Amino acid sequence: MQHRFVIVGYGTMGFTHTRNLTALGIEVAGIVDIDPVARDEAAEAGLHVYPDLDAACADDTADVLFICTPNEVHRPIALAGLAAGKHVVTEKPAMLGSAEIEEVMAAAEAADRRFIVHQNRRWDEDYLVMKEMFEARTIGEVTFIETRVDGSRGIPGDWRRDPERGGGMVLDWGVHLVDRLLLMVPAPVRTVYARLSYALGAPVEDGFTIYLTFANGVEALAACTTDNYAPRPKFHMTGRRGTATVDDWEMHGKVVRRVEDVEPDAKPIVAGKGMTKTMAPRIVDYGKLAKVQDNVEVLPLPRVESDINDFYRNVIAAIEGTAEPAVTTPSVLRCMRVLEAARRSHEQDVVVDLSGTDTYLAS
Ligand code: NAD
């Protein structure tokens, strides 16, 4: 069967999905947008423009709604689509909170339709490379994972600054960074501690630091800033035999791994205005003279091929019943609950204990 998508919200992501679906030969039946400028742009691009959501829902030739609107209307649009018998794909964050996700999951189940969330950053190479090394124990058993996005341009746009519209960085980037940590560490979350940042004076958080401990002993930190002019590595992962970093979007980074099991006692070196053995660097670059690597090897990052078009292909396969969704709604719900625990942790300045309530999910 030829599937036909309705794009609801023809802004940045609506345009992007229209382009990607069309390139894959998947038909876009038309778009819905409340903004006449967006509607004109779509019409100029040769797209059918529905007068409103009801008209799109009444179009029997279209079977999927792809919701690309600001966050606060994901829920009503999803419910309307499911009631009309459409499958629903939503941009992240799926909904504003876990109660809304549960409501839409129940509606999808009752309607026997798919509800799938575009967690596209599960296909990003930095994450896939780190996950692969985690599983292969390339740097030994992993003990700590730090993952960050650092920006310096503040909170962009209008609705992203509005708490009523699902603004703020927790729903913007938390849903990516924490989602990936939860998939990577095969264990339930034990505790959550978080600080949200309001350094820019906006009514929503402009950044966050979320600290997770897992039942298998792994610890992780997910952080996001929008006032940071010197970005830190996107991933920094420590294991019992080494450390791996992804420094930037271009996949610069390295794996530094201990060679011999038995370490000679470190020699004290001059560092700053003092001496240290503990902090003596492993790698000392003497320029033209030599580069000394003390019981470590430095390896390039492994590379992992990925194709974001697999997301769309999987949506089609899931609708047709030939594959399970690559992004399951229980995993999206799990992530939202952890993010809600993070917000609670910030507001009450407490460590939130999720022992016994969180369950690991692989996809
Ligand atoms: P945007 O502001 O560029 O576009 C949103 C569009 O939705 C606008 O054209 C607006 O007029 C329209 N709209 C608003 N309310 C509507 C309604 N009730 N019915 C129909 N149309 C409506 O926003 P964006 O940057 O494209 O973000 C849209 C969604 O995509 C958000 O949920 C955001 O979190 C998500 N997003 C995801 C990624 C990702 O990488 N997965 C990246 C950016 C944004």
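This is a predicted model: local features need pLDDT of at least 70, side-chain atom pairs count only at pLDDT 80 or more; totals for chains, interfaces and linings use all residues.
**A buried serine, a nonpolar patch and a domain interface**

Ser 98 belongs to helix H5, residues 98–111, where helices are DSSP runs (H or I) of at least four residues and strands (E) of at least two, numbered from the N terminus. Leaving aside residues up to four places away in sequence, Ser 98 touches Leu 333, Met 336, Arg 337 and Glu 340, a contact being heavy atoms within 4.5 Å.

Residues are numbered from 1 along each chain as its sequence is written, and side-chain values use heavy atoms, without hydrogens and water. Local features need pLDDT of at least 70 and side-chain atom pairs 80 or more, while totals for chains, interfaces and linings use all residues.

At 76% relative accessibility, Leu 289 is exposed, the cut-off being over 50%. Together with Tyr 286 and Val 292, Leu 289 makes a nonpolar surface patch of about 340 Å²; patch members have over 30% relative accessible area and no salt bridge, with nonpolar side chains joined within 5 Å.

The domain assignment gives domain 1 (4–118) and domain 2 (126–299). Seven residues from domain 1 and eight residues from domain 2 take part in their contact. The two domains bury about 680 Å² between them, 58% of it on carbon and sulfur atoms; this is the accessible area (1.4 Å probe) lost on being put together, summed over both parts. Two salt bridges are found across this interface, each a side-chain nitrogen of Lys or Arg within 4 Å of a carboxyl oxygen of Asp or Glu.

How values were computed. Patches are made of residues with over 30% relative accessible area and no salt bridge: like charges are joined within 9 Å, nonpolar side chains (Val, Leu, Ile, Met, Phe, Trp, Tyr) within 5 Å. Accessible areas come from the Shrake-Rupley method with a 1.4 Å probe; for residues, only the protein chains shown count as cover. Buried means under 20% relative accessible area, exposed over 50%, partly exposed in between (1.4 Å probe, protein chains only). Domain bounds come from an automatic or database domain assignment.
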